[in-house]
Amino acid sequence: MFPEGLLYTKEHEWAKVEGKTATIGISDYAQEQLGELVYVELPKVGSKFIQGKELAIVESSKAASDVYAPVTGKVTQANSQLESKPELINQDCYGAGWICKVDVTDETALKNLMDSKQYEEYVKGL
Amino acid sequence: MPFISNTPAQQKQMLAEIGLSMEDLFADIPRELLTGDFNLPDQMTEQKVREHLAALAGKNHIDLTLFLGGGFYDHFIPAAIYSVISRGEFYTAYTPYQPELSQGTLQAVYEYQSAICRLTDMEAANASLYDGGTAMYEAMMMALRITGRNKIIIDDSVNPIYRVMIHSYTRNLSIELDETHCIDGHANREQILKALDEKSAAVILQNPNFFGCIDDFSDIAEAAHKNGALLIVSCYPISLGILKTPGAMDADIVTGEGQSLGMPMSFGGPYLGFMSSRMKYVRKMPGRIVGRTKDRDGKRAFVLTLQAREQHIRRDKATSNICSNEALCALTALVYLLLMGKEGLVETAQLCAGKANYAYERLTAIPGVRPHFKTKWFFNEFVLDLPCEAADVVARLIEKGYAAGFPLNRYYEGMENSLLVCVTEKRTKQQIGMFAEALESAL
């Protein structure tokens, strides 16, 4: 149900770690709960985040929710396509709907994340 | 229904049930903060209360001829305003709950927003804020959110009351306030440009400024933008009938006090804060915004929009802690603008400026009275230097039936003899002449 090879948080963010770089987005469960997204507030390139801190904001017509940093690091790239097309997150949350890329500075914090099986179990329990 | 709906007997019963006394409920409050005595007078009959309040009201000078401005202005208020705003359908201080049910109110607010955009030459306005000072504070917070920076540059020609409000709002926030000192009645370019750096979120200026002097901030807007900072301009709406608009100066956020648009001067308000901005910043704008859309039958409909930024959804992360507005005052401003029309607003502003100019010539001809600033670029207020303390002169002239102006030493050091004088379209040539004579004899 949830793609393998990604790491997940309890707040429903995913991180795909390749070398030092982590690509970050929100899970299918999250986008479905939020409904049609109308706005994404992206993090600034160059800003630093500690795991669990507010990284971005996703806004649907009924709610605005924080996206928490799944990893600790520095933002190297933000998906500017989301500025005009926030619905990409609804359409393809693991692909075109990625939010940002982060240069991971603390790899030990990755241990706090779940793999897809664990996350699937976690979501079932909600 | 009374505010506390249970009776003393019920309260006693409930306390007995949980085994506590009334005092126990307040045990968390330190003893010294509790007071048993509020020092209130004994109760009076309705007739006595009326007499008492009438006696207090009698102490007010309500028939003074006003040459007093300083942020609030004595403009003519057409009677038609009251007829419109006191209609039962409109008569509420708030945007209604279940707002979309009240299409008429939402349409009025939408039109008010459009009018504010037209007036300030900006792209998006909110449904109003409390007053000019809180609107300026909200604009400052908006600039901090947009830029992610924490330094604010504000010139001391901005209304001192607004600056006091900004100081108290920001006292416990980590915001660096850099106050520049105006030169000859104009914003201090040299200090502002020097203060602008990579930490600066915004420059806050006012036009006409507190001394009534007018300016064009286009150069400061350009310098601010080069530094990644914003320009916030507070303005006097009536003056926009003839002055260059903040939008034309390339300001990013415009705020102001809307009292001059049909609201009477009254101590404590209610007043009207207005705010407009660029469309690209609309999601960072605080407060309520009414939008126009189509319902499922394709008919025009008005809704509260961008609510996800607001307190009832975003809780502590909302763009503002002001979740209310001044709906009735906003409606007043709209009706005023509609009654005046494009020509009326221009004419009013021209009359203000023309009469102020006449008064300036007349008053500076009095022996011992000099203009404080060299500049003659003012709208409808100007600063006079008197040969004695301005506050004393003001006190003497109240006895003669004049509110002579604002003694500036209240907020500006070294301006003991300086008086801020205001002239609106309501003052007549005869009143100005008589005031000049009264002032001369009061020196």
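What share of the contacts in chain B with a separation of 6 or more comes from residues 24 or more positions apart? The answer is 73%, where a contact means that the C-beta atoms of two residues, placed from the backbone, lie within 7 Å. Please keep in mind that this is a predicted model, in which local features need pLDDT of at least 70, side-chain atom pairs count only at pLDDT 80 or more, and totals for chains, interfaces and linings use all residues. Residues are numbered from 1 along each chain as its sequence is written, while chains are lettered from A and ligands numbered from 1 in the order in which they are written.

View 1. Chain A has 4 helices and 9 strands; helices (H or I, at least four residues) and strands (E, at least two) are DSSP runs, numbered from the N terminus. Their order along the sequence is β-β-β-α-β-β-β-β-β-α-α-β-α. In chain A, 5 residues are in contact with 6 residues of chain B. That side of chain A is made up of 3 nonpolar, no polar and 2 charged residues; Ala, Val, Leu, Ile, Met, Phe, Trp, Tyr, Cys and Pro count as nonpolar, Asp, Glu, Lys and Arg as charged, and the others, Gly among them, as polar.

**View 2. Helix α1 of chain B.** This helix covers residues 8-18 and is hardly covered, with 0 buried residues among its 11. A residue is buried if 20 or more other C-beta atoms lie within 10 Å of its own, exposed if 12 or fewer, and partly exposed in between, with C-beta atoms placed from the backbone. Just after α1(B) comes Gly19(B), with a positive phi of about 70°.

**View 3. Two cis peptide bonds in chain B.** Asn207(B) and Pro208(B) are joined by a cis peptide bond with omega about -15°. Look for Pro208(B) in the loop between β5 (200-207) and α9 (218-226). Another cis bond runs from Gly269(B) to Pro270(B), with omega near 10°. Pro270(B) sits in the loop between β7 (253-257) and β8 (273-277).

View 4. Asn39(B) is not a glycine, yet its phi is positive, about 55°. The loop between α2 (22-25) and α3 (46-58) holds Asn39(B), which is exposed, with 5 other C-beta atoms within 10 Å. Asp250(B), also not a glycine, has a positive phi of about 70°. Asp250(B) lies in the loop between β6 (230-235) and β7 and is partly exposed, with 18 other C-beta atoms within 10 Å.
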